Amino acid sequence: MFDNVFEYLFKYPQVAYERGEIIWSGSWPPLLLLGVFVAGAGLVYASYRWGRARTLVAATWTLVLLRAAGLAVLLVCLLRPTLVLSTAVPQQNVAAVIIDDSRSMEIPDEESRPRAEVARELFASEESALLESVSERFMVRHFRFSALAERLRDSGELDASGTRSLIGPALDFVRQELATLPLSGIVLVTDGGDQDPEALEDALLGLRAEGIPVHAVGVGRESLDPEVEIERVEIPRTVIQGSTVIADVVVAHTGLGGVTVPVNLEESGSILATEEVELTGRTGSATVRIPFSLDDPGVRNLRIRVPAQEGEVVEENNARDIHVEVRDGREKILYYEGQPRFEVGFLRQAVREDQNLQVVVLQRTGEDRFVRLDVDSGDELSGGFPSTREELFEYRALILGSVEASSFTPDQLRMIVDFVDRRGGSLLVLGGPAALAEGGFAGTALAPLFPIEIAPPFGEVEGTEDFWATLRLLPTRSGMTHPALSLAEEGAEEEEENPGGDEGEAEGGVTPWEELPPLTTVNLVGESRPGATVLLEGEVQEVFGTRAGPDFAERASPVFAFQRYGAGLSAVLAVHDTWLWQMHADIPLEDETHERFWQQVLRWMVQEVPEPLEAAAAETRVAPAQPVELVARVSSEEFLPVNDAQVTARIIDPFGAEEELALTWDLDRDGEYRGSFLPAVDGPYEVEVSALDGERALAAPPLHIQAGVLDEELQSGAMRGNLLRRIASETNGQFYTVGELDRLPEALRYTDRGTVVQEERDLWDLPLFFFLLMALLFAEWVVRRQLGLA
Amino acid sequence: MPGSASTRAAGPRPEAAAPTRGGRRPAVLPRGERQIWTRWQTRAVAAGLALAALLPTGGPVHAQGSRVTIGAVRVMSPGRPLLPEVPGGFTFCRLMYARIRAEQRGQGWRTDYPDAEYNLTTRLSQLTPTRVSGWLDGRPGFAVLRATDPELFRCPFLFSSDVGTVGLSEDEIEGLREYLLKGGFLWADDFWGRRAWTHWTELLAEILPGLEIEELPPDHPLLSIVYQVERIPQIPSIQYWRQSGGATSELGAMSATPRLRVIRDETGRILVLMSHNTDIADGWEREGEDYGFFARFSPDAYALGINILVWMMTH
């Protein structure tokens with residue numbers, strides 16, 4: 001409507017004014033015209049002011065202004081405004097039409113018709129009036145694109161079957177394909193789904209440099225309503241068998257505010273876990289955490305799904321597939337305890353049934369005397385705490401009990417730092433009379449690792465006799481949903497309402513946090529460090545000693561906190577009698593809080609500890625014709641990067657055929673090797689990466705890659721108008737919806753690119769000027785009539 | 001091998017501290033510090049409590065596998081409040097029970113009390129890095145608890161002496177069962193001969209029905225976890241030792257062989273350890289009374305005692 005009115009008043013469409021330049025072509029000298037205007041205006045004033053019928057001053061000025069404005073319009077016409085335009089010479093230029101042929105074009109949201117059908121009808125059909133209009137002036141070249149772009153020879157080739165949309169490479173392809181022809185512009189017909197933003201940026205740079213305008217035609221609705229989709233899923237790539245892990249799921253929606261939807265975690269159609277999430281607002285997203293556990297080892301193909309909602313147009317984006325490798329193996333943890341105490345026995349008992357955890361205990365029983373429990377060989381730890389990095393780095397996690405800093409050599413302390421920082425191991429420091437500040441760790445190499453300040457400013461820390469406190473441990477906001485504190489058995493009904501635990505009465509259940517008995521600390525700790533995450537805070541029940549300061553009982557102390565440190569993580573659990581959660585009179589005999597707590601904490605600690613050879617694929621699901629990028633990191637026994645290893649990937653395709661690929665060292669990154677391959681067929685690929693570092697042979701767990709159609713294409717199914725507007729505006733083109741396409745042929749015509757001519761179009765006869773003049777004269781007449789002058 | 005225990009320094013028997021020759025009290029702590037009550041004070045408190053116990057307020061008591069209700073139960077109070085105030089370490093807890101039969105030289109739950117506690121906990125903290133819970137005045141702490149006391153569940157180690165005379169109510173049996181199954185450890189000591197054995201094991205069958213009693217093999221890692229214990233020491237009461245001129249078997253041929261027997265749960269954890277035909281705690285209690293007694297028995301008593309404590313704290 002607006003465009004029609006504009007074109008009626010201004011003779012030419014808006015785009016002509018945007019592309020063109022206005023000049024003044026009149027032969028009358030401007031100064032003369034100015035003089036005529038001033039003289040004319042003065043004459044009008046005089047005639048009203050001193051003429052036969054004298055009028056009031058205010059009325060005089062109104063009439064003078066109206067008449068002067070009319071005079072001005074006439075004078076502007078005399079100046080002869082002219083629109084200078086650069087237009088394409090008919091049939092001397094090429095217009096490229098590139099049509100999206102990916103799966104998302106099947107979405108039926110163009111007045112209930114599939115996007116692909118509308119695009120085909122408008123741009124590839126022989127009966128298309130639009131195409132005919134464009135063809136009058138241009139030679140039209142058709143292309144289609146999805147993951148790859150190619151010439152379109154027949155509209156029947158458009159089948160909306162592409163599994164990815166890569167707009168950037170498609171625009172590049174067209175630009176290069178028509179590089180030798182006078183290309184006036186590109187018409188991009190798409191819904192804007194793009195899976196390679198970086199490539200798009202590169203393509204836009206090229207188009208801008210060559211001045212090729214892209215006219216983006218957005219097919220589909222910018223807002224699908226109602227619509228719900230799984231926007232993002234975050235989940236550990238590998239998990240230990242039987243561990244509770246958390247899937248973080250972001251659910252986005254439009255038009256479903258106030259609706260509660262279930263989010264299911266499924267495997268082969270059966271629901272493993274489910275959580276409900278309430279959607280809010282007109283549009284937005286919500287995060288939901290789904291705890292679950294997997295028992296069978298191997299690669300598991302899981303699906304996160306929200307059931308289709310009534311009236312939803314795109315159901316395909318309600319689900320996301322994820323792959324998780326379930327590891328079955330014993331993860332070795334070294335627990336070094338400086339003094340015999342109950343915590344050792346109870347912790348061992350808590351994880352005794354966990355076949356995936358091997359807690360090797362080094363218990364000091366006297367001066368240079370140790371008890372070793374659950375060791376693999378007679379030599380293991382025979383000299384006490386490891387004295388070499390190789391020995392210490394055998395373990396994936398280290399627990400330090402009540403053992404004073406002076407029992408370590410300076411090198412052993414540095415080794416522990418390297419264990420976390422370089423090896424990527426996990427450190428857990430337990431509270432106790434000889435732990436933390438009370439164990440003399442303040443100021444040692446280990447102190448920066450602690451996620452809690454251990455040299456509190458509120459008093460002396462020597463000795464422990466004058467301070468202890470009983471604390472009720474309660475999870476913080478972070479702790480509530482942290483896998484380390486996810487104690488309830490997955491699948492338990494109660495778990496849905498209380499992730500921290502179900503009713504203590506149930507057999508094998510866990511006790512809610514607020515009902516667990518208070519524990520004791522003898523360690524005075526300060527605030528958590530800025531980068532640390534506090535999982536459990538202590539609500540003070542009783543405190544003894546003046547060391548803590550008068551306000552100690554008022555504040556919640558961090559008790560269980562962790563922080564990332566280098567490649568690993570470091571945690572502190574500043575109590576020394578978690579065994580009370582097993583033994584206490586208030587805890588039912590069948591209760592499993594203590595067992596679950598330690599199993600979860602230790603599993604969380606060892607979950608993502610790296611191996612000397614780590615291999616990964618950039619994507620574990622690839623579309624056809626999408627290469628698989630492999631990266632491997634090789635470390636020495638001391639976890640220093642190795643740059644001269646021979647790294648090989650054995651690729652086994654879905655039919656069992658094998659191929660070897662040598663990964664080459666990335667010069668920019670120590671210890672990192674890269675390579676890629678292109679899956680020839682759809683199906684599951686297995687990649688076994690191995691490395692030879694001198695005599696040392698290393699093998700990484702196999703990678704599993706699925707090649708084939710991706711559901712990604714249908715994620716965010718709405719037409720991405722903003723992206724298309726940006727593409728158009730950055731290339732000096734225009735954005736159109738399907739309803740606005742009648743402007744396209746004209747817009748294509750006005751271009752600087754290709755074979756063009758300069759056109760000069762008079763503007764003095766614009767209908768606008770005529771109507772303006774009429775309106776001014778009419779207004780003057782009305783005023784005069786009011787004054788009785790007409 | 002996973003699951004096995006080994007010790008690097010299964011050292012010699014503890015002989016570090018010399019006893020106070022001929023002293024009435026053990027030499028572990030200075031006399032003034034260690035002694036809380038004199039024996040006369042103990043007896044006075046005991047007599048007072050015994051009188052109070054004669055009032056018909058005692059509950060039903062079970063023993064010998066059959067239920068014997070005794071209207072009045074002789075119970076002696078330890079005179080100490082619950083658990084030691086200063087936490088952070090090992091606490092020696094003793095089971096207080098009603099004595100429903102008599103054994104020669106037995107004094108019920110208070111046999112060897114409290115000197116055995118003082119001396120063992122002190123030696124434990126001297127000979128190993130173990131921290132011992134204590135009282136605010138700095139003395140090593142211990143506790144005496146009934147099997148129905150909720151505080152019992154804050155003390156995973158429980159010692160019981162003269163168990164051939166134990167009588168437990170139904171609630172106590174229930175409490176003890178829950179205690180042991182949750183992770184508690186009970187050491188039954190100082191019971192001699194078949195009759196005491198029968199009495200105690202029948203009671204045990206009520207506490208832990210279905211669980212077998214087994215002999216602790218001589219190569220069990222418990223016997224070498226800290227000290228190498230070659231044989232189970234037979235330690236008599238010092239009175240018998242003196243009276244008999246150095247004999248060790250208090251019931252002669254009927255108690256000739258000292259034995260360590262255990263009850264384990266299905267996971268192999270030791271719930272109950274029994275030192276039969278021996279009075280290990282006397283080896284701790286009488287450390288300072290007689291040098292000959294000390295030299296002959298105390299090192300073995302401490303070696304075994306420390307081994308058992310370290311074992312139960314790590315398993």
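Q: At what angle do the axes of helix 4 (residues 170-182) of chain B and helix 5 (residues 193-207) of chain B cross?
A: In this predicted model, local features need pLDDT of at least 70, side-chain atom pairs count only at pLDDT 80 or more, and totals for chains, interfaces and linings use all residues. Residues are numbered from 1 along each chain as its sequence is written. Helices are DSSP runs (H or I, at least four residues), and strands are too (E, at least two), numbered from the N terminus. Axes are lines fitted to C-alpha atoms, for helices over the stretch in contact, with angles from 0 to 180 degrees between N-to-C directions. Here the two axes cross at roughly 70° and come within 9 Å. Helix 4 of chain B and helix 5 of chain B are therefore roughly perpendicular (65 to 115 degrees).

Q: Which residues in helix 4 of chain B meet helix 5 of chain B?
A: Contact means heavy atoms within 4.5 Å. Helix 4 of chain B brings Ile173(B), Leu176(B), Arg177(B) and Leu180(B). They meet Leu203(B), Glu206(B) and Ile207(B) of helix 5 of chain B.

Q: How much area do chain B and chain A bury between them?
A: The size of an interface is often given as the accessible area lost when the parts come together. Buried area uses a 1.4 Å probe and is summed over both parts. Chain B and chain A bury about 3,600 Å², 60% of it on carbon and sulfur atoms. In contact are 44 residues of chain B and 44 residues of chain A.

Q: How many salt bridges are counted between chain B and chain A?
A: A salt bridge puts a side-chain nitrogen of Lys or Arg within 4 Å of a carboxyl oxygen of Asp or Glu. The count is zero.

Q: Which elements give two or more residues to the side of chain B that touches chain A?
A: They are strand 1 (5-7), helix 4 and helix 8 (291-314) of chain B.

Key: Chains are lettered from A and ligands numbered from 1 in the order in which they are written. Side-chain values use heavy atoms; hydrogens and water are left out. Angles under 35 degrees count as roughly parallel, over 145 as roughly antiparallel, 65 to 115 as roughly perpendicular and the rest as oblique. Buried area is the accessible area (1.4 Å probe) that two parts lose on being put together, summed over both.
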